[in-house]
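Okay, thanks everyone. Let me put the structure up and talk you through the ligand site and a pair of helices.

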Amino acid sequence: MSLALREALLAFRRAPLMSALGITTIAFSLFAFGLFGLVALNIRAALLEVEDRVEVRAFLADGTSEDAIAALLGDIGAFPEVREVGYVSPDSALARSREELAEFSDVFDASVLPGSIEIRLREGSRDPVTVQAVSDRIATYPAVDDVRFGREWVEKLYRIRTVAVYAGIGLGIVFALVAVIIIGSTIRMAILARAREIEIMRLVGATDGFVRLPFLIEGTIKGTLGGLLAVAMTWLAHGLITRTLFESVFFSPMQVAAGVAAGAALGFVGSLMSVGRHLRAVWRDA
Amino acid sequence: MSGVLRLDAVTKEYPRTGVAVRDVTFAIEKGEFVFLTGPSGSGKSTLLKLLSFAERPTSGEVKVSGFSSTSLRSADIPQLRRRLGIVFQDFRLLTDRTVEANVAFALEVTGTPANAIGPKVGRLLTQVGLASKATAMPHELSGGEQQRVAIARALANDPFLLLADEPTGNLDERATRGIVQLLREINALGTAVLMATHDLSLIMRSGYRYLELERGVLLYDGTDASRLARHQ
Ligand SMILES: Nc1ncnc2c1ncn2[C@@H]1O[C@H](COP(=O)(O)OP(=O)(O)O)[C@@H](O)[C@H]1O
Ligand SMILES: [Mg+2]
């Protein structure tokens, strides 16, 4: 193992330019992925904030008693999807409307606005299907006249998020493939550069696994370094955006670690796929 | 059947160039020294490749130290190679490493414990007469000295058989004699040697058994050097 590691490191020392080129290319493909991830992350954060405002409003029949309202609040508040409920009396609804639409304040009068219950849903229960189901359930109460929620609004939000997620996954796969191919070709070059060593290893009886190991280590190291470099570049880009455009969020430490691990995994897979094929080509002569 | 090495009706046909070795049968006993000769292109290198399992016979059977070409899996080849030493006309040293690193390489890649490698390399270099050049780079050595390094490397795993493909082909008269002398010393310690050469005077002077190939066919197997005098 230690010898394999030494051989792998020797490859960097012997071909520093090629190694740097390989790492940089991997870093740039992961960087592109990182940038997209950052965009997706920020869309997600923004969506969560907007989603937080998704609310269902149940309008109550005129003359619903205070006891009935309290019972209703208790019932709806106990729904698993519901985070909080609140009663909006006709008076406070009026006050709110006047505040929001100051220039029309005259047209409102307490009698036109019914009392209502405002329902905010828990995170994870804000997709159109769940919101509809909760609304339907609330509508079955006799004291409830009408249930409203911004259906289009909810559905649009949800679609944006779905598109963002699938686009992220799609681009991720494309960039992962690019990284695997790049690592594969740097390993190919490394194998050709070390054809002599490999030939001698075969000659004196090194096992296939032993011959492979340094290349797998080399690929994994390159992937890891590429991943780290990509994180650094993404972080710089994030800093630049925050300073010049708008406040944005960065990946959590776990997400950063996962990104570097993904680089390592890509490096490993890339070298694994390349090493068998190209070693066979080199060995034909030994 | 006996012998550490045996070929039984071995034929090797290459896809594009045709038959390189045809119906060859012979055996080599433990500790023997045998020459392999024949004109260029007669199949000497192919025969040695068959013995190291770098090539598989098209028909017939190659048996080396209990490994048979009819049953050997490619995963077994490393185990076989560790029991063989192989040297070539062009030395095949790693030019970016010192003499001792070249010899150590063979031990490292075959799993020799690290603390055993240093002393073993020292012994091997002493055996081939290069103890004083351990830290030299290959290009700083003469051809004969480079071949000694290659031989030290070939001996690293204590082979029972040394295969040498024209090891003196690139060397002058004096270096040639030195290498042949070294191979005889190695043979005297119990390692069988099969050495390909087209230098007939070497064979005649030694009086050893020799195999003569011509266009892939084994023309002669014996010790009668007077035949060679006629060739010359
Ligand atoms: N790898 C190969 N592929 C195809 N033909 C080969 C190969 N190696 C050797 N040959 C052919 O086999 C014949 C014997 O070659 P070789 O064994 O190298 O002879 P020698 O070592 O006696 O000069 C030649 O005709 C050569 O062209
Ligand atoms: Mg030859």
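**Around the ligand**

So, B:Y14 puts a polar side-chain atom 3.5 Å from a nitrogen atom of ligand 1; a polar contact here is a pair of N or O atoms within 3.5 Å, where pairs within protein also need one atom able to donate a hydrogen and the other to accept it, and residues adjacent in sequence count only if both atoms are side-chain atoms. Taken alone, ligand 1 exposes 550 Å², and the protein buries 66% of that (Shrake-Rupley areas, 1.4 Å probe; for residues, only the protein chains shown count as cover).

Quick housekeeping: this is a predicted model, with local features needing pLDDT of at least 70 and side-chain atom pairs pLDDT 80 or more, while totals for chains, interfaces and linings use all residues. Residues count from 1 along each chain as written, chains are lettered from A and ligands numbered from 1 in written order, and side-chain values use heavy atoms, without hydrogens or water.

Back to the site. Which helix gives the largest share of the shell? That's helix 1 of chain B, residues 44-51, with 3 residues (helices are DSSP H or I runs of at least four residues, numbered from the N terminus).

Now the helix pair. Helix 3 (residues 99-108) and helix 4 (residues 114-127) of chain B pack at about 120°, axes 9 Å apart (lines fitted to C-alpha atoms over the stretch in contact, angles from 0 to 180 degrees between N-to-C directions). So helix 3 of chain B is oblique to helix 4 of chain B, as under 35 degrees is roughly parallel, over 145 roughly antiparallel, 65 to 115 roughly perpendicular and the rest oblique.

Terms used
Helix = DSSP H or I, 4+ residues; strand = E, 2+ residues; numbered from the N terminus.
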